[in-house]
Amino acid sequence: MNNRSSTGSQAGRRNASVPGQVNPVVYILSLLVLGLGATMVIPLLVEWAAPDAHPTMFAVPMLAAMGTGIVLFAATRSDADLELDHRQAFIVTAGSWTILPVFAAIPFVFAGLSWTDAIFEAASGLTTTGSTVVQGLDAWPASLLLWRSFLQWIGGVGIIVTAVALLPFMRVGGMQLFKAESSDHSEKFEARAHVFVVRILVIYLCMTAGCAALYAVFGMTGFDAINHAMTTLSTGGFSTHDASFAFFEPRALHAIAIVFMIAGAIPFVAYMKFLDGQRTIFLRDPQVRSLLVLLAAVSLVLGLWHATQSEDGLGQSIIYAAFNVVSVVTTTGFASTDYTAWGSATIATFFALTFLGGCTGSTSGGVKTYRILVLFQVVRRHLMLTVMPSRVVARTFDGRRLEEDAWIGVLVMVVVFLATFLLFALGLAMTGLDFMTALSGSATAITNVGPGLGDIIGPAGNFSTLPDTAKWLLSAEMVLGRLEVLTFLVVCLPSFWD
């Protein structure tokens with residue numbers, strides 16, 4: 001009797017605490033939705049200034065998002081002073097990246113896209129993937145083009161990180177959100193989350209402005225410069241033209257893009273350390289060194305290969321190769337030429353490059369340079385112990401001992417990442433897609449690169465002709481890739497909800 005009473009009392013206390021656990025989550029999500037709605041005022045003003053203006057295309061979605069946010073905010077404001085615990089941080093992370101693409105898609109629906117295409121475009125924007133279902137970008141309203149680019153810009157630093165920066169007065173466990181958004185557990189450079197995030201956003205904004213200014217000076221229109229600067233720094237790859245970067249002729253623009261795509265793929269913590277006086281940080285960081293060496297070596301090899309196979313000169317071939325190699329490795333997804341026409345060896349190379357990604361703590365997707373370096377360390381140690389079992393071989397990274405949970409975490413993440421890629425490739429093939437489209441489509445979605453391979457979704461094509469089922473699968477995979485899969489898997493565990 002007493003045991004049953006005790007058990008019932010515990011269950012009652014647990015159930016009574018459910019609203020208190022849910023309210024902070026809904027509160028944060030309401031602010032995110034409210035903030036997303038508020039940003040729609042920018043394309044609304046651009047649309048209002050157009051000759052054939054259709055302001056309802058953004059006015060109605062803005063009111064829908066802000067209205068939803070205000071209602072949820074008012075309903076949960078009483079718990080605003082609560083900190084997020086570990087589980088709540090995961091729910092906020094997974095929930096935001098599921099909900100926000102829905103609200104971000106509404107302007108595309110008003111523009112004439114189906115809900116399937118609109119969700120795909122919005123998910124591709126917020127996750128900085130860069131795949132598109134839109135044909136005729138050159139004739140699209142400026143407001144919609146700006147909205148696509150702006151989605152990638154805010155997605156580049158993470159919509160959740162942006163929200164933490166806008167709400168420094170809330171004790172919401174900022175660093176918990178950083179950890180939940182990525183499976184990487186890198187060092188905490190700042191003790192206070194809001195200071196950390198504000199510094200990131202200031203650096204991000206200044207670099208975007210610098211990129212836009214250089215684009216404008218070297219030939220882009222002001223509108224193109226702003227849009228492409230946002231999608232370059234975010235390593236997103238949306239363009240205002242169907243031809244992507246092939247629309248622009250001057251080599252200087254391609255060189256600027258290369259520099260800023262790499263800048264977006266470098267850890268933002270490194271920029272903060274540089275500004276704090278560590279001037280050699282970019283040379284000392286093993287991630288940055290490895291990334292730059294890889295990009296230079298592959299670009300040179302492919303440039304020489306292309307020069308021997310085409311009528312382009314050596315200089316032009318190297319520029320083509322460097323631009324597209326950097327674009328794929330940093331997961332930006334711009335295309336300056338159809339590199340799938342360079343031969344099967346080049347296609348295989350670009351497919352392998354799709355999985356690499358930039359550095360951890362950057363705007364890039366993919367497996368990330370840090371994890372690849374750790375994997376090399378693990379493999380090297382295993383091989384050395386196979387030859388000399390009694391030898392003591394330490395696991396280190398950047399001169400520091402690599403703890404067991406760190407390298408095991410990397411192995412788990414990579415295995416889950418690749419398993420998800422294969423599972424979605426199988427699902428895409430079951431929708432009727434050919435082998436190349438299904439395989440490269442899954443790869444480009446999970447790594448947030450953008451263009452795939454083949455005639456349909458390659459650099460010269462887009463995703464508009466895919467069946468709706470395939471588009472929904474790819475939309476889900478883009479979000480999973482942005483969160484590196486594990487966040488959603490954790491939330492799906494029954495034990496998570498106990």
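These questions and answers concern helix packing and cysteines in a predicted model. Residues are numbered from 1 along each chain as its sequence is written. Local features need pLDDT of at least 70, side-chain atom pairs count only at pLDDT 80 or more, and side-chain values use heavy atoms, without hydrogens and water.

Q: Why are α12 and α16 called roughly parallel to each other?
A: The axes of α12 (residues 251-264) and α16 (residues 314-329) cross at roughly 30 degrees and come within 9 Å. Angles under 35 degrees count as roughly parallel, so α12 and α16 are given that name.

Q: Which residues of α12 meet α16?
A: Contact means heavy atoms within 4.5 Å. Arg251, His254, Ala257, Ile258, Met261 and Ile262 in α12 meet residues of α16, among them Phe323 and Val326.

Q: What makes α15 roughly perpendicular to α18?
A: Helix α15 (residues 286-309) packs on helix α18 (residues 369-387) at an angle of about 95 degrees, with the axes 9 Å apart. The range for roughly perpendicular is 65 to 115 degrees, and therefore α15 is described in this way relative to α18.

Q: Why does Cys206 count as exposed?
A: Exposed means over 50% relative accessible area (1.4 Å probe, protein chains only). Cys206 has 52% relative accessibility, so Cys206 counts as exposed.

Q: Why does Cys211 count as buried?
A: Buried means under 20% relative accessible area. Cys211 has 0%, so Cys211 counts as buried.

Q: How many disulfides does a search of the whole structure find?
A: A disulfide is a pair of cysteine sulfur atoms within 2.5 Å; the search finds zero.

Notes. Axes are lines fitted to C-alpha atoms, for helices over the stretch in contact, and angles run from 0 to 180 degrees between N-to-C directions. Helices (H or I, at least four residues) and strands (E, at least two) are DSSP runs, numbered from the N terminus. Angles under 35 degrees count as roughly parallel, over 145 as roughly antiparallel, 65 to 115 as roughly perpendicular and the rest as oblique.
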